[in-house]
Amino acid sequence: VKIDDDIISTLIDLTDNILSDKNKVSNGFNLAGQLEQEIIIPIELLKENNLYDFFTDNLKEYLSQIIGKEPLENNVDVNLTDMWVNSQYENEYNPMHWHEGCTLSATMYLKIPEYTPRNIKGKKGETDGNIIFVNNNHNSPFESLENGIYGFQPAVGDMFIWPSRLMHGVYPFKGDGERRSIAFNGLHKFKKEVNNDNKR
C-alpha cells in the first residue's frame, strides 16, 4: 500500500512527540529487533488522533483481497493489538522472526536515510535496509515455482501487510540518519452468529 503524504506527515509529527517524550515506554523486551528505540504507540493515542480506523481499514482491505469483500462485510471484526515505532540507525537490525498473539502484521515507513553503498566487488546489488520475507520453500524457484525469500527496498510511504506467522526480518545499513517505521499487529475473527430460532 502507498500511503498519502498527509498521513505520513501526521505520523511523523506523532512519532516525533513519542520519541522525544521523557516518559516514553520501550517495547523492546517484547521484540526481536536489535534496536535501541522500539517505542510503544498507545492505541488510545491513535483513537484520539482519528488514526485507528485508518490502520484497521487497511487491514480489512488486505483481508478482502484474500477472502472477498462479501464474506468480510459485517461478518469480521478487525482490531489492533499493539503498535510501536522503530527508530533504526546504522548497524541496527531486525533478525528473522514472526509475531505471536495476532493474525495480521504490518509495517509502514516514515523516514528512509541515504545509505552508504558497500560497493563489494562482484555483488549484483545492494540489499542494505531491505525488509525480507521468508516462507517454507527450501528449493530453487525454478524447481518449486515459488520464491522462498523475497526482499523489498522500502520507500517513504510504503506499507506492507502480511500474515503474522510469516517469517520476516530487516537488514542493517551503513550511513548517517534515521530509518523510521511503524510496526503494528491486528487480530481478525468472525463474529458469532446468533440463531434467533434457538432463543427461549
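## Overall build

The protein has five helices and nine strands, and the model that shows them is a predicted one. Read from the N terminus on, these elements follow the order α-β-α-α-α-β-β-β-β-α-β-β-β-β. Taken along the principal axes, the C-alpha atoms fill a box of roughly 75 × 55 × 30 Å. Of the 200 residues of the protein, 40% count as buried.

## The nonpolar core

The largest nonpolar core has 32 residues, and among these Phe55, Met108 and Phe184 touch the most other members. Helices and strands both contribute to this core: the elements that give two or more residues are helix H1 (5-20), helix H3 (52-67) and the strands S2, S4, S7 and S9. The largest share comes from H1, which supplies seven residues of this core.

A search of the whole structure finds nine aromatic pairs. A pair of aromatic rings is described by the distance of the centres and the angle of the planes. For phenylalanine 133 and phenylalanine 152, the ring centres are 6.1 Å apart and the planes stand at 70°, so this pair is edge-to-face. Because phenylalanine 133 belongs to strand S5 (residues 131-134) and phenylalanine 152 to strand S6 (residues 149-152), the pair ties together parts that are 19 residues apart in sequence.

## The enclosed cavity

Rolling a probe the size of a water molecule over the atoms shows where empty space is left. In this model the count comes to one cavity of 30 Å³ or more, and about 190 Å³ of space lies in the largest cavity. Its lining is made of 21 residues, of which Asn86, Asn94, Thr107, Val170 and Ala183 lie nearest the centre. The elements that give two or more residues to this lining are strand S2 (76-88), strand S3 (94-97), strand S4 (104-111), strand S8 (167-170) and strand S9 (179-190).

What kinds of residue make up the lining of the largest cavity? The residues divide into 11 nonpolar, eight polar and two charged.

## The open pocket

The largest pocket has a volume of about 160 Å³. Its lining brings together Asn27, Asn30, Leu31 and Ala32 with Asp82, Trp84, His97, Trp98, His99, Glu100 and Asn185. By type, the residues of this lining divide into four nonpolar, five polar and two charged.

## Residues in the loops

Several residues in loops also deserve a look. Asparagine 50 lies in the loop between helix H2 (43-48) and H3, and this residue has a positive phi of about 55° although it is not a glycine. With a relative accessible area of 69%, asparagine 50 is exposed, because exposed means over 50%. Asparagine 91, which lies in the loop between S2 and S3, likewise has a positive phi, of about 75°, although it is not a glycine.

Leucine 166 lies in the loop between S7 and S8. Is leucine 166 buried or exposed? Its relative accessible area is 16%, and a residue counts as buried under 20%, so leucine 166 is buried. Leucine 166 and asparagine 136 are 30 residues apart in sequence, and in space their C-alpha atoms are 9.1 Å apart.

Notes
Residues are numbered from 1 along each chain as its sequence is written. This is a predicted model: local features need pLDDT of at least 70, side-chain atom pairs count only at pLDDT 80 or more; totals for chains, interfaces and linings use all residues. Side-chain values use heavy atoms; hydrogens and water are left out. On a 1 Å grid over the protein atoms alone, a cavity is a set of points where a 1.4 Å probe fits but cannot get out, and a pocket is an open set with protein on both sides within 12 Å along at least five of seven lines; lining residues have an atom within 4 Å of a point. Grid points are joined across faces, edges and corners, and a volume is the space filled by probe spheres set on the points. Helices (H or I, at least four residues) and strands (E, at least two) are DSSP runs, numbered from the N terminus. Ala, Val, Leu, Ile, Met, Phe, Trp, Tyr, Cys and Pro count as nonpolar, Asp, Glu, Lys and Arg as charged, and the others, Gly among them, as polar. Rings of Phe, Tyr and Trp (its six-membered ring) pair if their centres lie within 6.5 Å; planes under 30 degrees apart count as stacked, over 60 as edge-to-face and the rest as tilted. A nonpolar core is a set of buried Ala, Val, Leu, Ile, Met, Phe, Trp, Tyr and Cys residues joined through side-chain atoms within 4.5 Å. Buried means under 20% relative accessible area, exposed over 50%, partly exposed in between (1.4 Å probe, protein chains only).
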